[in-house]
Amino acid sequence: MAGSQWELPPELCCRPMAFVALTGLDVVYNAVHRAIWDAFCANRRADRVPISFKVLPGDHEYPKCRTKRTSYEWYIPKGILKTGWMNKHLNLVPALVVLFYELDWDDPQWKEKQSECATKVEIVRTSLQGRNTKVAVVLIQKKTPLPPGEDLVASERAATLCNACDLSGKSLFVLPHTDHLVGYIIRLENAFYEHAQTYYYTEIRRVKSHKEFLNKTTHQLLFVRHQFKIAFFSELKQDTQNALKYYRTAYSLVHELRAHETNMLEIKTMAGFINYKICRLCFQHNTPLDAIAQFRKHIDLCKKKIGSAELAFEHAAWMSKQFQSFGELFDEAIKLGLTAIQTQNPGFYYQQAACYSQDRKQLSQQLCQAGATSPSSEPWDTQTGGLDFYGQRPWRQGHQSIMIHLLLSNIDLTRILKTEMCLCLSLPQQELIIALLSNAVAQFKKYKCPRMKSHLMVQMGEEYYYAKDYTKALKLLDYVMCDYRTERWWGLLTAILTTALRCAYLMASVKDYIIYCMELLGRASTLKEEHKLRIENNLIQVLMNEVPDAEPECDASSDGAARSLWNDRMALAASNELTIEVQDYIPFIQCKAKFQCPSFHVDQPIQLQVFLRADCPHPVSFNKLAVSLSNQEYNQWCVVESAGQECMSLLPGKTKCHNFSFVAKTEDVGKKIELTGMELMLGSDSGRCVFLSWRGAGGDAASTHEALQASRSSRRWGREVEARQELDWDSLTMQHSTMIISRVPKISVQLSHRPPALNNEMYCINLTVQSQEGVVAKGVKLTAGLKPGQDANLGQTTHVSLDGSKVCDDTAPALLPDVPLGDLKPGEKLERCVYVNCVSTGSRVFLFHVAYSIDTTVEGRQIVCKCHKVEKVIIILLTVSTNTPQLQSQLQEVVLQTDECASECFCLRCPALANSNNTVATGQYLISWRRKSSSANSPLIQTVVTLPHVILESVPLYIHAELPSYGRVRESLSVRYHIENRTSLVQEVEMAVEPSDAFMFSGLKQVRLRILPGSEQQMLYNYYPLMAGYQTLPQLNISLPRCLTTNTHTLRRFLPQRIFVKVTASLLSACVNIF
């Protein structure tokens, strides 16, 4: 079958739109006509009616209409659907022909132009004879017409023109060529659309009228044809719901046809066409589940309709196209807004299409292999004419009815097979498969399906391999292998590596060939022993700069070209050295390295171990092992090379350890030394040198998981692991870095002091340093003071000094750095006193750091080690408190012990207020003191305590009350209030007594009086208690009308508020008698 046989016709895939032909427009030479045509076609928005316009000449010949059949009694159809029918109604037979004619209502040559217009209309009708196509006339006018009914001349002439052209009033239009041309065009389009709707409705009725003449015995094909035509006309009419209904009916009727080998292809072709239409409309109606259900039903019904076994390739090609078409529909719907999910996306359909294409390719190759010679070219093989009906054979057109023989003749089968053999030799089937797989990969990548994407990329790589595009095949396979290494799919990885190795061989890519050989020899490979032996021999040949043997299953025709390429590669001397980064692979040589300790003292040799293991069948020889460190000056101590002609070797499955040792430099103290890489050289200078390079401490793509599994196994079977004699490779841990730390100091640092430390005191801390070294400690230095990293305010309130004879000022530092103490001989002791002065309370951490240098020898090398010892002390600051300032203190010569507190009390008399400021400072309290244990020459410590401020209030009156300490219930209680005027002014006083529920009282309830300066006024009240207990006295309110600034609440503070009232004896005895 031809390669385009399975391509869906474009008229089936496009959106059907009503076809309207425009005549009478000269779009080339007439600017007005060109503007009208541009308004119809240019920049059509989605909201405009779906019409397909085409400009045709006035005398255009339309397809002739055949004579209508009046009876189907003896008619036997030759096929289901003609190949040109859809295109005819989309592009050839218009639903409406519109004649454009320039004519104004007031044209002076009206009669002549009216006749000319009628003649042109008649010519159009003649070319459409026998068809129901509508005809309309549009008059192009220069003036804007008046509203209907106002222009009598226009109405009269329009009626005359309609009679002359035999048109109805609805078929005559006026198009003024003004600034609002697009608006008039849109109105014309809507009118044209209504005429087109009427035409397609008429066509649907005409097709439906044939049903009564058909019978199900001989006219089964016509039932399908008519339902398809009705559905297609409904689409042209934009009635998609009815179109979907008729397509479903047509689909059911197709599968009711009696199928045999001669018409199987036609049935499947039409079923595919109708299924495409149904699925497209379901997506258009936003019912994707219906589309998917329809497609699944379609596949279930058709997947077994293969026909003759020899035609299985043809069925596979058809199935592939079905899945591809549905995938494209699905993808198009998603672009228009449909939401897909991970488990239901177009990628699955593209994948299935690719699978069927692969089946078709295999079946076609089998046909080509079965044919000993190329198919001969016969006259019937080279027919150039098109098919009359969809799905029919070119040499059996019109003979697919049910009345013919039920079996394919031998000549038909031979023709099909020979045609397929020709296509097998000429058609690039791999390109089709790769395109489908590429679409599927893009979809699975979009919907985050990484494993499906990897699986299909492997298939793409294999197809590129079959297409002999080895570069692209290797690129895809190499990309996918990273995922399979990570997920540990060893069987899949081995299969992919085998294909990649063949590609590398056929390309003569030396580096890739060596990489894949090493990985196929490694522990991740599932190849049998004999295959590994062959690969190892080939690898050895490449290392010896010889051409390797051909890989099995390679194309014999490509082997000669590959060997020629290999010979050219071997002749290039510049390419004899290769470096391969094996960290991302799983090579047949494993490498791990570790420092024996996470840290080493500078006076200790650094121990480094490198472990090697080979997984190949035979021993492996290597010539050099080099370790790279972050400090390259150490690299010279970490190299091992073969001596002379002898090579170092690794036995299969055995672990070999190489130990390296070097001495660190003193300037690297406090720094990390890291492993940056390792190199193992295979081959020799006489052949080819291959450097296997590991980053860091070694390992490969599978090491992390293997180490995890080993740790779990060791926890579960710990005793068995300990009992093993040989090193367990998986349990070896990698230590990629070590820290160089200073030498362990052999001095003792002791601190002594007598806490607590007091505020402003010159607090003494005694430091004793004694050397325990065997040689002289040189350049001893002391750093003492506040430890860095604490609160920043502590650094400003803490001072450190070595001179205790005077108090530190603010210029003294908080930390004394690098105070020289001289040299210390073995056993010598050194003492120093450090004074600390703190002006604020709280805890502080002090640091004492003693550093020195010493000469020592490490592995025969003399080095100078710098040692240091650090001691810390925490000091808590306290202070002495008092209540009053006085020159003659009661605390003079008082000695306070730990946790004791001293206090003294003095009365203060407030002076008269000199200004409006009500706040008075009470001064400072100064204490001079020293520790009892300190010497008489030590300075006195001055501690200043700032006393709080006092808020004063000016009160013109002083009030106090005379009353007994208690009262008795129902016994009179006398209360006398004394009111004294302490100002130089006469004070007017208003007094009022508020009633109380607990007391009755006698006396002036409200009074107003005047008090002379310096005099006193007394007020007497008799209170009569009514209840026992603590009772609130009647409230005395005093106000000063002449001193509005005085607060009443301030005066109330001088008066008692409550009094205790006892129960009388008589009342108590009366209560007892009651009970």
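**View 1. Burial and placement of Asp700 in the predicted model.** In this predicted model, Asp700 has a relative accessibility of 9% and therefore counts as buried, the cut-off being under 20%. Asp700 belongs to the loop that runs between strand 16 (689-695) and helix 21 (703-716).

**View 2. Polar contacts made by the side chain of Asp700.** The side chain of Asp700 forms a polar contact with the side chain of Arg523, at a distance of 2.7 Å. The side chain of Asp700 also reaches the backbone nitrogen of Ala702, here at 3.1 Å.

**View 3. Surroundings of Asp700 beyond its sequence neighbours.** When the neighbours within four places in sequence are set aside, the residues in contact with Asp700 are Arg523, Val582, Gln583, Tyr585, Ile586, Pro587 and Gln590. For one of these, Pro587, the C-alpha atom is separated from that of Asp700 by 7.8 Å, although the two residues are 113 residues apart along the chain.

**View 4. Packing of helix 10 against helix 11.** Helix 10 (residues 288-302) and helix 11 (residues 312-335) pack with their axes 12 Å apart and at an angle of about 180 degrees. Because angles over 145 degrees count as roughly antiparallel, helix 10 is described as roughly antiparallel to helix 11. On the side of helix 10, the contact is made by Ala291, Ile292, Phe295, His298, Ile299 and Cys302, while helix 11 contributes His315, Trp318, Met319, Gln322, Phe323, Phe326 and Phe330. Sorted by residue class, the contact of helix 10 with helix 11 comprises 10 nonpolar residues and three polar ones, with no charged residue.

Terms used
Residues are numbered from 1 along each chain as its sequence is written. This is a predicted model: local features need pLDDT of at least 70, side-chain atom pairs count only at pLDDT 80 or more; totals for chains, interfaces and linings use all residues. Side-chain values use heavy atoms; hydrogens and water are left out. Helices (H or I, at least four residues) and strands (E, at least two) are DSSP runs, numbered from the N terminus. Buried means under 20% relative accessible area, exposed over 50%, partly exposed in between (1.4 Å probe, protein chains only). Contact means heavy atoms within 4.5 Å. A polar contact is a pair of N or O atoms within 3.5 Å; within protein, one must be able to donate a hydrogen and the other to accept it, and residues adjacent in sequence count only if both atoms are side-chain atoms. Axes are lines fitted to C-alpha atoms, for helices over the stretch in contact, and angles run from 0 to 180 degrees between N-to-C directions. Angles under 35 degrees count as roughly parallel, over 145 as roughly antiparallel, 65 to 115 as roughly perpendicular and the rest as oblique. Ala, Val, Leu, Ile, Met, Phe, Trp, Tyr, Cys and Pro count as nonpolar, Asp, Glu, Lys and Arg as charged, and the others, Gly among them, as polar.
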